[in-house]
Amino acid sequence: MKPPMPDTRPADSPSLFPSHVRVVDVLLPVAVGSAYSYRVPEGIEVAVGDIVVVPLGTRHMLGCVWPRTEDPRESPKPVDPARLKPIQRKYDVAPLRPAMIAFIRWIADYTVTPPGMVLRLALRHDESAGIARERTGVRLTERRPERRTSARERVIAALLDGFVRSKSDAAREAGVSPSVVDGLVDDGVLETVVLPPEPAAEAPDPDHSRPELLPAQAEAATRLVAAVKARAFQPFLIDGVTGSGKTETYFEAVAEAIRQGRQTLILMPEIALTQAFLDRFARRFGVRPAEWHSAVSTKRRGRVFKGVASGEVRVVAGARSALFLPFADLGLILVDEEHDNAYKQEDGVHYHARDMAVVRARLEAATVALVSATPSIETEVNARRGRYTRLALPERFAGTKVPRLEPIDLRREGPPRGQWIAPRLAQEMERTIEAGGQALLFLNRRGYAPLTLCRACGHRIKCPSCSSWLVEHRFRRRLECHQCGYATPVPTECPNCHEPNSLIPCGPGVERLHEEAAKLMPEARLQVLSSDLAGGVERLRAELKAIEDGEVDIIIGTQLVAKGHNFPGLALVGVIDADVGLGHGDPRAAERTFQLLHQVAGRAGRHEMEGRAFLQTYMPEHPVMQALVAGDRDAFYDREIGVREEAHLPPFARFAALIVSGTDPHAAQAHARALAACSPFTGEVRVLGPAEAPLALVRGRHRYRLLARSARLFDLSAYVRAWMAGAPRATGNLRVEIDIDPQSFL
DNA sequence: AGATAGACATAT
DNA sequence: TATGTCTATCTA
């Protein structure tokens, strides 16, 4: 830190040098529209981007010295100089660079969120966390103890090499408790040494172990490497079938960024950030990347945050929040599984991390690559229009093909009532297991049965707080609401007509499927995999290991099995109900179903083994099923893009919804209607049902949704801002949130 | 965001 | 009339 400026004014004539009140604007991480002005006290020098501690009301908080703009919304109103409060101190962290400030502004503008809320995402770390505490190590001296015990001897033996170790390491290596080490320090046998702080992440080695690449991979890698070398914004789509080595390919670009001394951000859906991925990275680069997601400890976050800001951390693998890390020199961003919905932030600042990654890359003059086997419609359109350069990886590594999905028409060859596995699928499973392969039954429904019905009066048991069906979880003997988490013991009589023993479970969940499969194949070893597996992450990890080791014949899984995990012995996939998820009126239902089922099918058959996949459906003629069966991805995209065009929704702008919420339902609805009445909104106003939006009635807040049907969504944020500015004062308690997937940033 | 002052509702 | 609960407003 710079020394304070010496005061050069003559002591006897201060009035000759009118002391200028130095004022700067500081953006605070709170939901206020503009930055606030603060006085800079003598002895403190601040520049734009600096992080400072300032008083606000009764508290002190971090803020960022913010540049002035012409934009009146962001500029502070002039304040009586006497009312200005002084900056308390500078905060010891790297200042936000201009690209980061531009990024924050861009997102705030696009998402119609106060910039302070976006800044909050960038400053989210614990103040004390980043300060690496001093670590002490121990080293052997010439002295030997008077009292000799076997524990002491072991410590001395372990430290005979003369190297310094931390106390805990020394104790662990010698197999003794730390108090033995302390005792030796007291006796002067060991001396303590101050250790340098542990690095936030070790430096990855771009040449640690370079893999053999297939021709298509090598070609794609070359183009990515060239882009990284060029140090200019360039967006790519890495479009490769499951098992085509997308990761190995983009690792080459990571290697180049490391060689260039620039940083890399690998974004992944949180669930995909597994040990397996980190290990894979370590095999290629010798060390693991720095991790950034909700499960990382506060202390570790602080260190990573500082390491990223200083440039010491070269590669970060993180969930969407990693997008707001203060990279010193970001050269490459990878968005793995770019189609994944987890990239959407649904509360606070509504942003789509995939799109914001492209924005950030542009502002940082970095290369960005979106990676997927089933790109989102938007990304596909951007690739087709040439805004993203497509790098196609059409072949699988081992030369096997992604299996075609074979349809099983449930109307013609379905199972008997009360069962869900078609005879043909059962046969194929038996054959597969006899041949030593594994089978996966995919059903995206947790629990035993999605509906409990009264045989006597027809009553369907619903959640008292959000009116969606309660799902029976037989293992836990409860009825659970999958929307809001409400749970109650399974009743013995109908809550409506009080008829005893009249309740019957309707429809299948994975637990019920497990029951059926066990009956069909009593010898087979079964395992259910779902996110609510008893025993949590530990158990899940253990079960995945067991599956990998071939200790399971039939896996019965929900969505969980479609993502990330590798099942090397999997030879057959059976989709129990391909129609789940279609026809809910969700405009993205077709896309999601296609992506999910394509990914699930892709799990079958790798490592020189051809796999097979079956699709049980009541509507084999549905375009999604047809595309899946034909293995024709392009046909699917052609159709989906066409559908959106017909609805006058530019495919790359996706759907837009405005959520107007307020505490007074009448006022909120009136405002929603007023907004809807104005161009460009022609959509209807709907009260959000709880099933549609579990958060709809949080704390008595009423929400209304507008669907915008406009070809010019580009103006959406400006439009809403203008509307809000002109809205009557009573709208102060109304929040307008835009829920869109912005695509107009190129 | 978080503190606080005001607006109702309810206990004392 | 004190006390609790919920909301709207303000922070420089």
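Which side chains meet in a salt bridge at 2.8 Å, N to O? Select E380 and R384: their side chains form that bridge, a salt bridge being a side-chain nitrogen of Lys or Arg within 4 Å of a carboxyl oxygen of Asp or Glu. Because E380 and R384 are four residues apart in helix α11, about one helical turn separates them. Helices here are DSSP runs (H or I, at least four residues), numbered from the N terminus.

This is a predicted model, in which local features need pLDDT of at least 70, side-chain atom pairs count only at pLDDT 80 or more, and totals for chains, interfaces and linings use all residues. Residues are numbered from 1 along each chain as its sequence is written, chains are lettered from A and ligands numbered from 1 in the order in which they are written, and side-chain values use heavy atoms, with hydrogens and water left out.

**Domains 3 and 4**

Now colour chain A by domain, with bounds from an automatic or database domain assignment. Among the domains are domain 3 (215-393) and domain 4 (404-445 + 508-642). Their C-alpha centres lie 29 Å apart. In contact (heavy atoms within 4.5 Å) are 21 residues from domain 3 and 20 residues from domain 4.

About 1,700 Å² is buried between domain 3 and domain 4, with carbon and sulfur atoms giving 51% of it; buried area is the accessible area (1.4 Å probe) that two parts lose on being put together, summed over both. Three salt bridges are counted between domain 3 and domain 4. On the domain 3 side, helix α11 (residues 377-384) supplies the largest share, five residues. A search of the whole structure gives 40 salt bridges.

**DNA strand B**

Next, select DNA strand B and the residues around it: V30, T58, R59, M117 and R120. Each has a heavy atom within 4 Å of the strand. Finish by zooming in on R59, where a polar side-chain atom lies 2.5 Å from a sugar or linking oxygen of DNA strand B.

Terms used: A polar contact is a pair of N or O atoms within 3.5 Å; within protein, one must be able to donate a hydrogen and the other to accept it, and residues adjacent in sequence count only if both atoms are side-chain atoms. Helices (H or I, at least four residues) and strands (E, at least two) are DSSP runs, numbered from the N terminus.
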